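Hi,

Here is the structure I promised to send over. Have a look through it first, and my notes follow below.

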Amino acid sequence: MKTINDYNFKDKRALIRVDFNVPLTKDFEVADRSRIEGAKPSIIKVLEDGGSAVLMSHLGRPEGKEEKYSLNHIVNAVSDVLGVKVKFVEDCVGKDAEAAASEIHPGEILLLENLRYYSEEKKGDDAFAEKLSKLGDIYVNDAFGTAHRAHASTTVVAKYFEDKAMGLLLQKEIESLDKVLNSTEKPVTAVLGGAKVSSKITVIENILPKVDHLIIGGGMAFTFIKAQGGKIGESLVEDDLQNLALDILKKAEAQNVKVHLPVDSVVTQQFDNEAETKIEPINAISDGWMGLDAGPQSRENFAKVIGGSKIILWNGPLGVFEMDTFSKGTVALGEEITKATEQGAFSLVGGGDSVSAAKQFGFDSKVSYVSTGGGAMLEMLEGKSLPGIDALK
Ligand code: AMP
């Protein structure tokens, strides 16, 4: 598979699939520019080579051509981040788009209108993909966040190009995960939290052979505790998965993976930030009470494991971090991962909610890498290959 660095873009037009699906304020200002910043290195590389860039992305979930999802709203923010005045064309395929793409000169950038204004995009329509392919000489996919979707611009379009490559962001995502899952350095620790075992089963099964320690926290821990005969009160549980939980523990033991479950929990009677709380052993929670965060002894145990790790993967919060009262376990974990990173460990945060937790508590700048694609990272952790990446092979 080629990367963007395998090409020289002098006098070439790069058609780059970026992920500019950014949040907008009520006044259509870009509320968070990190996705635009994420795409910057690839775009700048093309311009510095002496080429031009045609950028395509989706924004939101428009039904037809809804103005509020126009990429026109983000042109100024993109220009600002890239330091180049970006041109915009009010279509992503057809006569106007082709004319605009043929008129850009080396050093210039053209942003196309929202790909999802056409239902063909999500359907992975061939004819639509072929129309897109007319807009550039070399195809670059740098949209990790949608690489798990077989859409026209992320996957199908690639077959119309002789020259195609992954962008620097996509490359970084793949390399970070590779560093974790195929590490020669040990010990490797994975922290899995979040609400449900069911959404993480495939991840657990895929990573077991690759890790030395597995910390299981958050709501999903209770299914394991109950399966082992613990009393969990009203805590979140998936009763039908108890056997599977025991199975996972057996498999882990057979593969010499040390599993660390919480030993205590911050419990409450109400799912409410202001509710009364107490600490109880995780396997002896009072009737009518539920565990919503890792207790102090659990935090200490997890800290020891993290402190001794060389490679750390973090997916899923250790408690209901959205409420201050139940965020302490997640915050403590983030602090320990930060410390370990400062001491030379490699840490990757990715897949779903842990990224928002990391951002909320400011750990995103302190860990080695924060994945930009929740769903895509989760699928890679599950061992699936992503259509957007396969199409570049
Ligand atoms: P996920 O998307 O599977 O990573 O789950 C994230 C969600 O799990 C967050 O919204 C947390 O509030 C929630 N969560 C974490 N721990 C618990 C718990 N002990 N009980 C209920 N929900 C939890």
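This is a predicted model: local features need pLDDT of at least 70, side-chain atom pairs count only at pLDDT 80 or more; totals for chains, interfaces and linings use all residues.

Now to helix 2 itself, which spans residues 75-82. The helix is mostly covered, with six of its eight residues buried: Val-75, Ala-77, Val-78, Ser-79, Val-81 and Leu-82. Among the elements that cover those buried residues are helix 1 (34-49), strand 3 (87-89) and strand 4 (109-112).

Ser-79 is the one I kept coming back to. With a relative accessible area of 12%, Ser-79 falls under the 20% cut-off, so it counts as buried. A polar atom of its side chain sits 3.0 Å from the backbone nitrogen of Val-86. Leaving aside residues up to four places away in sequence, Ser-79 touches Val-84, Lys-85 and Val-86.

Asp-11 lies in the segment before strand 1 (13-17), while Asn-256 is in the loop between helix 9 (242-254) and strand 10 (258-260). Asp-11 has 55% relative accessibility, over the 50% cut-off, so it is exposed. Asn-256, at 69%, is exposed as well.

Finally, the peptide bond from Lys-186 to Pro-187 is cis, with omega near 0°. You'll find Pro-187 in the loop between helix 6 (168-181) and strand 7 (188-192).

Cheers

Key. Residues are numbered from 1 along each chain as its sequence is written. Side-chain values use heavy atoms; hydrogens and water are left out. Helices (H or I, at least four residues) and strands (E, at least two) are DSSP runs, numbered from the N terminus. Buried means under 20% relative accessible area, exposed over 50%, partly exposed in between (1.4 Å probe, protein chains only). A polar contact is a pair of N or O atoms within 3.5 Å; within protein, one must be able to donate a hydrogen and the other to accept it, and residues adjacent in sequence count only if both atoms are side-chain atoms. Contact means heavy atoms within 4.5 Å.
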